[in-house]
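Good morning, and thank you for coming.

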Amino acid sequence: MELRQMRYFVAVAEELHFGHAAGRLHISTPTLSQQIKAMEREIGAPLLIRHSRGVRLTPAGEVLLRTARETLRTADHAIRETRRAAGVAGPMLRFGLLNGVPPWLPERVEELVTELVPGGRMTMRGGTTADQLRMLANGEVDLALIRVPATCPPGVRHMEIATEELGALMSGDSPLAAKEFLGPGDLAGRELILFAREFAPEVHDALVAGVRTMTAEVTISESAMPHAQLRSVLPLRPEAFSLSSVRAAAPPELVWRPFQGRSMTIAYAAAWRSGARNPALQAVLPALIGSISKGLMNV
């Protein structure tokens, strides 16, 4: 029995679903099913009981799950120690860190590198969505976080992994700061300050369209800046507002208020180059995507 097969079995045993496990492993469901059947033939007994909603472990499968986890931990430790003795650097994931991303997202990626890549390490390159897509296309990063919608360069794929609710970020001196929720009429005639459109054109246009479905009278500011600068500018502009998650609030200078009756969200996606062979990426990406099916990626 190969270590690869053990990893396949552990994934199925943890997910209790072939489709979810296949997504986590980044392989097809038929391929995964064939490998599990090959293991069962080699052992001479069923490991899983299939049913309409997924699978459950047989007593033999429960034993294999326990021992396979131990074997995989031992094998990963052996690889780390051998590399260290040989002076060989472990696998490296070059990660594109999107400006303003929820902190738990890069933390999750780093946890997966530690958990799934023996001796692996992660380096980070910051930037906007446009920066991340350019670095991916140029082969400067292996995995990046971007905001969507976005048009990816040829050979770059992406999948949405998280969303955040958006509301209005404004000065604590704004006349709207006293409200608990903001309705469509509250924003009429006010100045909306956003990031420069070239940093993420499709996201910018989607945000503007979303606000204008609530009130057509909002004015798009001639000023454009990232959130780091908004923290200094908005307190000086009580009649203006921006769009942000609650994370950006810093009362009493900056307050955040949700929209009433119509929610707005921002979506984040993992992006990577098709056919990339970096072993660290191949280990981390399926697990990151597989987290979606467990509901782990909701902000």
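In which helix is Gln5 found? Gln5 belongs to helix H1, which covers residues 3-15. Please bear in mind that we are looking at a predicted model. The relative accessible area of Gln5 is 8%, and because the cut-off for buried is under 20%, Gln5 counts as buried. Apart from neighbours within four places in sequence, Gln5 is in contact with Gln35, Ala38 and Met39.

Leu16 is not a glycine, yet its phi is positive, at about 55°. With a relative accessibility of 38%, Leu16 is partly exposed.

Let us turn to Pro30, in helix H3, residues 29-43. Is Pro30 buried or exposed? Pro30 is exposed, its relative accessible area being 52%. Between Pro30 and Phe18 there are 8.8 Å in space, C-alpha to C-alpha, and the two are 12 residues apart in sequence.

Two further prolines deserve a remark. The bond from Val148 to Pro149 is a cis peptide bond, with omega near 15°, and Pro149 sits in the loop between E5 and E6. A cis peptide bond also runs from Pro251 to Pro252, with omega near 5°; Pro252 has its place in the loop between E9 and strand E10 (254-257).

I now come to helix H7, residues 201-214. Its 14 residues, at 1.5 Å a residue, should span 20 Å, and the end C-alpha atoms are 21 Å apart, so the two values agree. Which residues of H7 are buried? They are Val203, His204, Leu207, Val208, Gly210, Val211 and Met214. These residues cover an arc of only 160° around the axis, and therefore lie on the same side of H7. In general, an α-helix has 3.6 residues a turn, so residues three or four places apart point the same way. The cover over the buried residues of H7 includes strands E5 (143-148), E6 (156-171) and E7 (191-194), and also strands E8 (219-224), E9 (240-244) and E11 (264-273).

Finally, the second largest pocket holds about 580 Å³ of space. Its lining has 27 residues, and nearest the centre lie Asn99, Gly100, Arg147, Phe195 and His227. The elements giving two or more residues to this lining are E6, H7, helix H8 (227-233), E9 and E11. By kind, the lining residues of the second largest pocket are 15 nonpolar, 8 polar and 4 charged.

Thank you for your attention.

Notes
Residues numbered from 1 in each chain as written. Predicted model: local features only at pLDDT ≥ 70, side-chain atom pairs only at ≥ 80, totals over all residues. Heavy atoms only, no water. Helix = DSSP H or I, 4+ residues; strand = E, 2+ residues; numbered from the N terminus. Buried < 20%, exposed > 50% of the residue type's maximum accessible area, 1.4 Å probe, protein only. Contact = heavy atoms within 4.5 Å. Expected span 1.5 Å × (residues − 1). Arc of directions from axis to C-beta. 1 Å grid on protein atoms, 1.4 Å probe; cavity = no way out; pocket = protein on both sides within 12 Å on 5 of 7 lines; lining within 4 Å. Points joined across faces, edges and corners; volume = space filled by probe spheres on them. Nonpolar A, V, L, I, M, F, W, Y, C, P; charged D, E, K, R; others polar.
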